[in-house]
Amino acid sequence: MLSRLKGRIKRYFTPPHPIDRQLGIETTNFVGRRQSATGNKELDENNVGYGCVQPSVVRGSVKLIPNVEARSFMDIGCGKGRVLAAASEFPFREEVGYDIVPLLVDRTNKNGAIIAAKFPDRPKIHATLDDVMEHGNWPAGDLAMFLYNSFREPLVRKFAAAIEAWDAANPDKSLYLVYCNPVHFHVFDASPSLERFATDMVSYTDEEKASLHSENVADTFIIYRVKRAGDVPQLPGHDRQVRVTVPDLGADMVI
């Protein structure tokens with residue numbers, strides 16, 4: 001009971017994350033399930049909850065995506081925009097975050113404005129409540145997506161179907177998806193539109209580890225892409241085995 005209480009206190013009183021201190025933004029403070037409830041039964045039942053990705057994992061995965069300067073970057077379940085903040089270090093055409101919680105979208109846009117003022121040459125960050133399950137709400141052109149286990153399986157299947165619909169409507173375009181903490185990887189593995197491009201794991205920095213209220217030290221990711229003739233070769237180890245360690249919540253690469 002005491003250890004659980006200590007964990008809860010640490011969660012609510014965690015010092016600012018290193019990237020928050022560096023950029024003057026706020027992505028650290030915990031957002032509970034009540035604050036993130038929408039009143040939509042499907043969304044609320046299949047929302048895993050607010051979680052923060054470590055910038056080292058964003059950098060380590062996104063750097064593998066080819067031709068980023070030709071792509072728009074999408075963060076699926078953007079929270080307060082930490083992924084977008086880290087990805088803004090790459091020369092994407094634009095960055096769009098999607099979330100179902102108005103207070104998170106508002107915070108992401110405020111953080112994006114702070115980053116734009118400090119780094120005017122970085123891609124602009126914009127967050128929206130638009131339904132990401134409708135590919136008509138996605139930016140035009142080539143895409144790079146980031147998904148950190150935001151949904152339970154029913155919504156993962158719905159999102160995979162949206163990618164397949166986008167693929168059918170855009171036969172001359174390219175899409176890469178970074179799926180971090182890939183709990184429902186079997187859904188994307190089974191998609192007729194997608195293939196694995198890379199599978200790997202990134203360890204957190206010491207600063208990031210010190211900022212956490214969990215014992216995690218690394219994240220696994222799988223990069224998928226739509227199948228296109230002439231695309232760059234798949235990276236070595238793209239077919240590495242991944243296992244679910246905690247149903248709905250955790251998955252790791254088998255080492």
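This is a predicted model: local features need pLDDT of at least 70, side-chain atom pairs count only at pLDDT 80 or more; totals for chains, interfaces and linings use all residues.
Buried means under 20% relative accessible area.

**View 1. Phe 73 and Phe 92 form a tilted aromatic pair.** The structure holds six aromatic pairs. In this one, the ring centres are 4.9 Å apart, with 40° between the planes. Phe 73 sits in strand β1 (residues 71-76). Phe 92 sits in the loop between α6 (82-87) and β2 (94-98). The two residues are 19 residues apart, and their pair links distant parts of the chain. Phe 73 and Phe 92 are both buried.

**View 2. Phe 73, Phe 90 and Phe 92 make up one aromatic cluster.** Phe 73 and Phe 92 return here from the tilted pair. Phe 90 belongs to the cluster with them.

View 3. Tyr 176 belongs to strand β5 (residues 175-180) and Phe 197 to strand β6 (residues 194-203), so their pair ties together parts that are 21 residues apart in sequence. Phe 197 has a relative accessible area of 2%, and therefore counts as buried, since the cut-off is under 20%. Tyr 176 is also buried, because its relative accessibility is 0%.

**View 4. Arg 122 lies over the face of Phe 119.** The distance from Arg 122 to the ring centre of Phe 119 is 4.0 Å.

Technical notes:
Residues are numbered from 1 along each chain as its sequence is written. Side-chain values use heavy atoms; hydrogens and water are left out. Rings of Phe, Tyr and Trp (its six-membered ring) pair if their centres lie within 6.5 Å; planes under 30 degrees apart count as stacked, over 60 as edge-to-face and the rest as tilted. Helices (H or I, at least four residues) and strands (E, at least two) are DSSP runs, numbered from the N terminus. Buried means under 20% relative accessible area, exposed over 50%, partly exposed in between (1.4 Å probe, protein chains only). A charge sits over a ring if NZ of Lys or CZ of Arg is within 6 Å of the ring centre and within 35 degrees of the ring normal.
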